[in-house]
Amino acid sequence: QVQLVESGGGLVEAGASLRLSCAASGGTLRRYAMGWFRQAPGKEREFVAAVTMNGDTTFYADSVKGRFTISRDGGENTVYLLMSSLKPDDTAVYYCAADNRVGNFSGNYYRSRHEYDYWGQGTQVTVSA
């Protein structure tokens, strides 16, 4: 099984930037589509961004589009979420997830947390006013 570990979270002021990383232990992510989700206290886990297996297509939630960028390195060992112009509403625990289904699907597919097979433990992002 693939093990995912997120890192890069922290406490920042509004307008700052952070880059989150998601690394796989004991394997490679090259065969997986990857997604980022977040969960704030009292709220359901929500979609943030996703990238297809080959890294050729990305998807974003409307709330982060234009501010966040998902990417994967050349070897597809690590997936990143670059967050810019952070707002207090971005405060949440951020999770990365891996989908082992082979193929290319619609944007709605990647937005559903139920499609993902493996999850990291999350990294806290807190944005002050």
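Setting aside neighbours within four places in sequence, Ser21 is in contact (heavy atoms within 4.5 Å) with Val5, Glu6, Ser7, Trp36, Thr78, Val79 and Tyr80. This is a predicted model, in which local features need pLDDT of at least 70 and side-chain atom pairs count only at pLDDT 80 or more, while totals for chains, interfaces and linings use all residues. Residues are numbered from 1 along each chain as its sequence is written, and side-chain values use heavy atoms, with hydrogens and water left out.

Ser21 belongs to strand β3, residues 18-25, where strands (E, at least two residues) are DSSP runs numbered from the N terminus. Because its relative accessibility is 15%, Ser21 counts as buried, a term that means under 20% relative accessible area with a 1.4 Å probe and protein chains only.

A disulfide, here a pair of cysteine sulfur atoms within 2.5 Å, joins Cys22 to Cys96 with an S to S distance of 2.0 Å. The pair links distant parts of the chain, with Cys22 in strand β3 and Cys96 in strand β9 (residues 92-99), 74 residues apart. The link of Cys22 and Cys96 is right-handed, with 60 degrees about the S-S bond. Cys22 counts as buried because its relative accessibility is 0%, and Cys96 counts as buried at 1%.

Arg72 is found in strand β7, residues 68-72, and counts as buried at 14% relative accessibility. A polar atom of the Arg72 side chain lies 3.0 Å from the backbone oxygen of Tyr32, and a polar atom of that side chain lies 3.3 Å from the backbone oxygen of Met53. Beyond four places in sequence, the residues in contact with Arg72 include Leu29, Met34, Val51, Thr78 and Val79.

How values were computed
Helices (H or I, at least four residues) and strands (E, at least two) are DSSP runs, numbered from the N terminus. Buried means under 20% relative accessible area, exposed over 50%, partly exposed in between (1.4 Å probe, protein chains only). A polar contact is a pair of N or O atoms within 3.5 Å; within protein, one must be able to donate a hydrogen and the other to accept it, and residues adjacent in sequence count only if both atoms are side-chain atoms.
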